[in-house]
Amino acid sequence: MEGTDRKRSSRDVQRVPVLLPYPFPGPFDYRVPPGLSPAPGDVVLVPLNRREEVGVVWDAPADAGVPDGKLKPVAGVVDTPPMRPALRQFVDWVAGYTLSPPGEVMAMALRVLAPRAARPAAGWRRADPLPALRITAARRRVLDALAEQEPRSTADLARAAGVGVGVVRGLADAGLLVPAALPVVAPFAIPDPEHPGEILAPDQATAAAALRAAVAARTFSVTLLDGVTGSGKTETYLEAVAECLRQGRQALVLLPEIALSSQWLERFERRFGVPPAVWHSDLTSRVRRVTWRAVAEGAAPVVVGARSALFLPFPDLGLVVIDEEHETAFKQEEGVVYHARDMAVVRARFCSAPAVLVSATPSLETLANVEAGRYRRVTLPMRHGGAVLPSVAAIDMRATPPERGRFLAPPLVAAVRETLARGEQAMLFLNRRGYAPLTLCRHCGHRMQCPNCTAWLVEHRARRALQCHHCGHAVPIPDECPACAAAASLVPVGPGVERITEEAAALFPEARRLVMASDTLPGPDAAAAAAHAIEARAVDLIVGTQIVAKGWHFPHLTLVGVVDADLGLAGGDLRAAERTVQLLHQVAGRAGRAEAPGRVLLQTFSPEHPVMQALVEGDLAAFMAREAAQRRPGHWPPYGRLAALIVSADTAAAADALARDLGRAAPWGDGVEVLGPAPAPLSVLRGRHRRRLLLKTRRDVAVQPILREWLGKVPVARGARVEVDVDPVSFL
Ligand SMILES: [Zn+2]
Ligand SMILES: [Zn+2]
């Protein structure tokens, strides 16, 4: 009976499923009015709750249960290239794998097409000189967002500074901002694959030939390009990009920190004569729109971008490169929680294109895929241009401790002094921003803690503030202890880069110093200027956080000192040792990249630890084999699957109740195990109480159906939430 109804209605009313960029469970049906014939992939305008929204005509049939008479009509088709089948398949796949609503995933592919985005807008720049007025923190952030000089629109500024547009308008009214024309977005130059590049060394040439063949095959494959630091991996895979250009297809290169990629962009330009299109979240919305459209129309043949570039509308993607594939920055932890390295491989598969994973320290996941025969492997065993790998030694902090109140041990101080005396550059590495990670009252023992998080406040002495690195909460450094009111009793405990810089200033007053941390190099221009200053030898001593580990090539740098090599080993998560080896090996790899040999010193309290041994002996393969042997028997990744459930609620009781309910409904069976519930290490974050459960399965058991059934059984009260993290990287 229903069938006959449906048959009749389908003659009278044509319906079409439209996916909207919101967390609905799936597409909604709309009525196709006469004169329109939207096809799958078309971008359309449709009514939703009295507004007009942009959506995409989807493939799957939608809620056929809604009677024809109640359907709203499609309002129009947007004049923009349609979303291709390969991208629609990718959106559905990512949604299914991460258990995210498909509309939320699709939104990442459509974000630039907000209906109001087409209005041209004038921009703002800072008044110069700035009128002497009291400036609030919010206004200060807006002014800081304009520090890179290029004018920005009201909406962009508000977004970049994390304030409302009213703050920007208020600044303009107060005369602190003056109108300025927005920069013109130049059309994308076409990279020339025949532009004469660098001459490759023989092993680079062999590796490049293998990658070129993979591109020319025009089919899906995955290759690991595994080469020691300084072996010229970038120049090698740029030959794969060149082949992709010759094939007339588009290439995508993902970098973990696009803001720190100035040297990479220079290399690209040396090879191809022009820069590539760039994609990341700091672009102004105008540049994003122009770039998005150029990609969709094939006018941007090469894009280098952050993880979100995976969702760009390439009509014919012929190569995906994931540089520094081991980097955890490829994991998106908010919104749709996905790992861009793994999703890049999937994107390549839907496009019948090769993926190339690049690293000097490949992840165990990737190595396991090589071992299982799923990925190919191409190796560059030698440093480029006759340079040799640096020598690495541990400094036992128990045997040769620093002077009281200091953090640099005598052997490291001596090595820095020798290096500077030879006119070479030295680097001190500490993966911790600010001055001190903890501030303590020496009178009563009170510790300065974030009111919103289970975290200490980090002192930033230059800004005279205590700040939470999880939620951003900041207070001025108090004059007296908030607990016992003792005056001048608060003391910093432990070092951050600011404190190491202060110590270096006292020890090496003649050295020209540069701090490289995310808060001292606020944007791509500042990072590029820092890199140029180091290359030009205008700097003698670099003090930096993990951003100094990122692929830089500093030919005059010959000494790297790791201030606290044990730092990453605390906390004991699954990959703590692997990550520490990768990070420290990458930092060490900055030393001795030209003629002068490099030297690396690791300050550690446990020189016998396998991580320190692996670094000193330079035997990463043996270390990774040991890691594999430890994870295999218990079915830990990559020899099993993990998914985390993160429960959060306004109160501890509500979080506990929901976590307990989930624990009671936990799945069980052959090869399935649930760990927890347990309080998260960050048991309070931004005022929300958090608990964790972990689903662990054998590799041949898919976690998604189990998770769907499990979550379907447990109602979630108002104010509480369960976030799903498939293949978790962070266990906080
Ligand atoms: Zn006190
Ligand atoms: Zn906080």
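**A zinc site and a buried arginine**

Hi everyone, let's start with the zinc ion (ligand 1): its protein donors are the SG atoms of Cys441, Cys444, Cys481 and Cys484, lying 2.2 to 2.4 Å from it. This is a predicted model, where local features need pLDDT of at least 70, side-chain atom pairs count only at pLDDT 80 or more, and totals for chains, interfaces and linings use all residues. Residues are numbered from 1 along each chain as its sequence is written, chains are lettered from A and ligands numbered from 1 in the order in which they are written, and side-chain values use heavy atoms, leaving out hydrogens and water.

A donor here is an N, O or S atom within 2.8 Å of the metal (3.2 Å for Na, K and Ca), and because water is not among the atoms, sites may look incomplete.

What arrangement do the four donor atoms make around the zinc ion (ligand 1)? It is tetrahedral, because they subtend angles of 108 to 111°; for four donors, that label asks for all angles between 85 and 135 degrees. Along the chain, the donors follow the spacing C-x2-C-x36-C-x2-C. Cys444 sits in the loop between strands E20 (438-441) and E21 (458-460), and Cys484 in the loop between strands E23 (474-476) and E24 (490-493), so this pair ties together parts 40 residues apart in sequence. Strands are DSSP runs of at least two residues (E), helices of at least four (H or I), numbered from the N terminus.

Cys444 counts as partly exposed at 40% relative accessibility, and so does Cys484 at 30%.

Now to Arg271, in helix H9 (residues 262-272). Is Arg271 buried or exposed? Buried, because its relative accessibility is 8%. The cut-offs are under 20% for buried and over 50% for exposed, with partly exposed in between (1.4 Å probe, protein chains only).

Key
Four donors count as tetrahedral if all angles lie between 85 and 135 degrees; four count as square planar and six as octahedral if opposite donors are over 155 degrees apart and all others between 65 and 115; anything else is irregular.
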